[in-house]
Amino acid sequence: MSHKAGFVNIIGNPNVGKSTLMNAFVGEKLSIITSKAQTTRHRILGIVNGDNFQVVLSDTPGIIKPAYELQASMMDFVKSAFEDADILVYMVEIGEQNLKDEAFFKKITNSKIPVLLLLNKIDTSNQEQLESQVQLWAKKVPNAEIFPISALRGFNVKEVFNRILDLLPESPPFYPKDQLTDKPERFFINEKIREKILLHYKKEIPYAVEIETEEFFEEESIIRIRSVIMVERETQKGIIIGHKGSALKRVGVEARKDLEVFFGKQIHLELYVKVNKNWRSNQNQLRRFGYNTK
Ligand SMILES: Nc1nc2c(ncn2[C@@H]2O[C@H](COP(=O)(O)OP(=O)(O)OP(=O)(O)O)[C@@H](O)[C@H]2O)c(=O)[nH]1
Ligand SMILES: [Mg+2]
């Protein structure tokens, strides 16, 4: 029996819905999703397996002009997604104009591999607006096939997936057929905690936070986890903890509940906060947190 497999890499501006789409394809909450830009910081694989296919999706950080080392590493993840793609999925949203990086845009328009341009969030649009947006993108990226979709509502998502299956090259699988992602358990714990911080704290705080899970003990009926929330400055530590610890407590309770669903097991989650001065600009610290800086 013939077998198809390949890398389908999702790229686009921040907040357009890349992670929402990947989760919809995989059917699991692999990537965290929030209404804030730069929610995704890593390249995360989501693997969809069938009897005669394996689609290896990559969710990537939104394309930005980097202002500090962490963001530069995030853009390196995007670059790597261009390098190994068999199919490029370029996601835009209704009302959006240009990619924030001209060089990346040129890579898309000059791409030798198939490009699917997904015009997302059409649930927020009307027929007239949609038609004019499709025309606009057809001019801008003539080498792409355009699909208007709603990743959130699942509109046209199946059709896009079927088109991916058509375009997928003949190949044996790249990963074991029961594997869902390339990331370890600790990564998903860190991300879930970071999601709560993106949801509950304002302005710069979520961007100054990194999570490290120091302990992960799986017992028969419970998983015991200890994670540290790292911030860049002492003042940020106070904000994370909140009045009598109330803000931190909320993060802990909400993250624990979600993690119990994710792991299907009771969780004991201990959180504490530590200052790691200017970690976002420190190559060694970034490497330690899994950002592949050069
Ligand atoms: N109305 C509507 N909202 C959507 C749709 N898809 C995603 N969203 C919302 O858009 C926001 C961003 O979604 P994400 O999936 O996190 O976007 P992203 O492109 O991964 O963002 P970054 O990781 O920050 O680059 C969230 O609030 C989603 O709920 C859609 O089809 N319709
Ligand atoms: Mg994302």
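A polar contact, as the term is used in these legends, is a pair of N or O atoms within 3.5 Å, where within protein one atom must be able to donate a hydrogen and the other to accept it, and where residues adjacent in sequence count only if both atoms are side-chain atoms. The views show a predicted model, in which local features need pLDDT of at least 70 and side-chain atom pairs count only at pLDDT 80 or more, while totals for chains, interfaces and linings use all residues. Residues are numbered from 1 along each chain as its sequence is written, chains are lettered from A and ligands numbered from 1 in the order in which they are written, and side-chain values use heavy atoms, with hydrogens and water left out.

**View 1. Lys 183 and its surroundings.** Lys 183 is found in the loop between H5 and helix H6 (185-200), helices being DSSP runs of H or I with at least four residues and strands runs of E with at least two, numbered from the N terminus. Its side chain makes a polar contact with the side chain of Asp 182 at 3.2 Å, and the side chain of Lys 183 also reaches the backbone oxygen of Arg 43 at 3.0 Å. Not counting residues up to four places away in sequence, Lys 183 touches His 42, Arg 43, Ile 44 and Phe 188, contact meaning heavy atoms within 4.5 Å. The C-alpha atoms of Lys 183 and Gly 46 are separated by 9.3 Å, although the two residues are 137 residues apart along the chain.

**View 2. Leu 165 in helix H5.** Leu 165 has its place in helix H5, which spans residues 157-167. Leaving aside neighbours within four places in sequence, Leu 165 is in contact with Lys 4, Phe 53 and Val 55. Between the C-alpha atoms of Leu 165 and Gln 54, which are 111 residues apart along the chain, the separation is 9.0 Å.

**View 3. The shell around ligand 1.** Of the 23 residues around ligand 1, those that come nearest are Lys 18, Thr 20, Gln 38, Thr 39 and Asp 123, a residue being near a molecule if one of its heavy atoms lies within 4 Å of it. An N or O atom in the side chain of Lys 18 is 2.7 Å from an oxygen atom of ligand 1, whereas for Gln 38 it is a backbone N or O atom that lies 2.8 Å from an oxygen atom of the ligand. Helix H1 (residues 18-26) contributes the largest share of the shell, with 3 residues.

View 4. An unreviewed UniProt entry places the feature "domain: Era-type G" at residues 4-170; UniProt positions are given in the numbering used here, feature names are shortened, and annotations may be inferred rather than shown by experiment. The span is 34% helix and 25% strand, and its end C-alpha atoms lie 4 Å apart.
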